[in-house]
Amino acid sequence: MMNNKNTFSLYIHWPFCRKKCSYCDLNSHVRDSIDENVWIDGLIKEMHYWHKFTAHYKMETIFFGGGTPSLIQPKNIEKIIKTAKTLWKPYTNSKNNHLYIGSNNLYKGREIDNLYKNDEIEITLETNPSSLEANSLREFKNAGINRISFGVQSLDDDILHLLNRTHNAEEALKFIQSSLDIFNNVSVDIMYGLPTHTLQTLQSTLDNLLKLNIHHISIYELTLQKNTLLNHQIENKELFLPCDEQIANEYELILKSCKKHEYNRYEISSFSLPGYESRHNQNYWHSKQFIGIGPGAHGRIFIENENDLYSIMQTSTNINESTSVNKNVSSNQSADFTIIPQSELNKSKNSYNSYSNEITSKKSHYYSIENSKIPEKWLEKVQNKHNGLKVFENIDIDTQIQEFIMMGLRVTDGFSILDFESRFQVKFSTITSQDKINKLLDHNYIEINQHNIKLTYSGIIRHGAICKYLIF
Ligand code: SF4
């Protein structure tokens with residue numbers, strides 16, 4: 001693996017949507033009109049700002065997320081991509097990257113080697129499969145996008161209406177189908193655990209999507225967020241969430257359907273044909289560096305030069321050199337830890353602390369970047385200071401270790417203990433106890449092969465609880 005400090009991924013956030021989906025608490029906003037060029041200038045200005053401190057890094061991927069970034073005109077997408085490529089050299093070393101699998105392979109009739117040729121890197125655009133947003137697919141391809149990701153959520157019109165989506169099922173299928181003639185890498189997001197969902201509606205959505213031979217599918221459980229219309233509807237008993245048993249059955253159905261259609265689960269919520277794993281998201285899960293540009297965007301970056309550090313700190317609103325970012329290990333999985341006794345869990349809370357002095361005394365040069373969320377506030381900052389920073393915060397070593405383990409165990413291949421030790425200069429055995437490892441092995445929740453640790457099939461659905469047990 002190339003040194004994590006030499007490469008990064010670029011995330012561009014476009015915060016505008018045509019309307020707000022009923023479940024959404026992402027940083028997305030509806031505006032009557034905007035002057036697009038002013039916002040594009042802001043994004044480019046912020047890219048130049050971060051380039052000053054990262055000129056020597058190579059860029060592995062670009063991801064346009066939102067909001068709805070496909071509302072940006074293709075000519076402006078091209079402008080951003082060209083600027084990024086002018087500022088940073090691409091990182092395309094395929095030899096040591098396990099993601100770049102396949103050589104002269106055909107899979108379902110498609111070539112899977114040379115997915116990206118020469119110095120091409122993965123460049124993803126999120127879009128909604130509605131005529132208002134997806135009509136420009138070919139123009140986006142010409143602008144430099146080589147991976148398209150559709151927010152479909154469901155192919156049931158009643159559910160789409162309930163979620164306040166901009167598309168219907170027919171439109172979604174039409175645009176996904178035409179995108180497969182244009183792009184060699186098409187991803188779709190769907191959701192489960194939705195109100196009024198039945199196993200039949202989910203099965204039908206999965207069948208209709210997977211038989212198209214899309215390359216990648218992400219499947220997320222609905223998380224009810226405060227201050228959303230859906231939450232209000234649930235609280236008022238206008239709608240009802242499915243029970244735990246229904247959710248578990250839906251998850252089983254997803255696993256079976258993906259397996260039947262030969263999609264490989266490579267992360268808790270992500271499935272792909274071989275070779276089409278999302279490289280951008282893999283970089284998050286492998287705790288690599290990323291720079292977030294745009295309102296509310298986040299980043300993680302090494303800054304070792306004291307002058308650079310001083311310069312950044314001069315321009316952010318809320319700087320914090322000494323305290324770490326949020327240490328709570330949160331979980332989107334319900335913690336089913338009944339097999340391991342509570343006394344054991346309590347005991348585990350203290351063992352990490354007893355090892356942590358050695359770790360926390362090490363100097364960390366790793367920083368969390370967080371931009372202002374309100375678009376107009378971000379724009380004002382960028383126009384005045386060339387960045388939209390709200391928080392720039394040091395991440396101490398033990399927080400980095402927690403993030404590394406939690407993110408690394410999301411992927412089905414887990415992580416290399418050697419990579420862990422090389423990154424943190426600390427033995428893995430000092431951050432947890434052999435006793436805990438043995439217990440997790442006994443319960444068949446983890447597997448350790450050579451120098452790799454990963455969760456098993458039954459471990460991955462207890463991801464949050466196991467991470468907590470291992471590191472606290
Ligand atoms: S399109 Fe996406 S970002 Fe926009 S409101 Fe809907 S879920 Fe949120």
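At what angle do α1 and helix α2 (residues 74–87) pack, and how far apart are their axes? In this predicted model, the angle between α1 and α2 is about 10°, and the axes lie 11 Å apart. Angles under 35 degrees count as roughly parallel, and α1 and α2 are therefore roughly parallel to each other. On the α1 side, the contact is formed by E36, I40, L43, I44, M47 and H51. Their partners in α2 are N76, K79, I80, T83, A84 and L87. By class, this contact of α1 with α2 comprises seven nonpolar, three polar and two charged residues.

Helix α1 (residues 36–54) also packs with helix α13 (residues 375–385). Here the angle is about 55°, with 9 Å between the axes. That value makes α1 oblique to α13. The crossing of these two helices, α1 and α13, is left-handed. From α1, the residues W39, G42, K45 and E46 take part. They meet L379, V382 and Q383 of α13. The contact of α1 with α13 has three nonpolar, two polar and two charged residues.

The surroundings of the ligand were examined next. Cysteines in the shell around the ligand include C17, C21 and C24. K20, L26 and S28 are also among the surrounding residues.

Terms used:
Residues numbered from 1 in each chain as written. Predicted model: local features only at pLDDT ≥ 70, side-chain atom pairs only at ≥ 80, totals over all residues. Axes fitted to C-alpha atoms, helices over the stretch in contact; angles between N-to-C directions. Helix = DSSP H or I, 4+ residues; strand = E, 2+ residues; numbered from the N terminus. Parallel < 35°, antiparallel > 145°, perpendicular 65-115°, else oblique. Left-handed = near helix turned anticlockwise from the far one by under 90°. Contact = placed C-beta atoms within 7 Å. Nonpolar A, V, L, I, M, F, W, Y, C, P; charged D, E, K, R; others polar. Near = placed C-beta within 6 Å.
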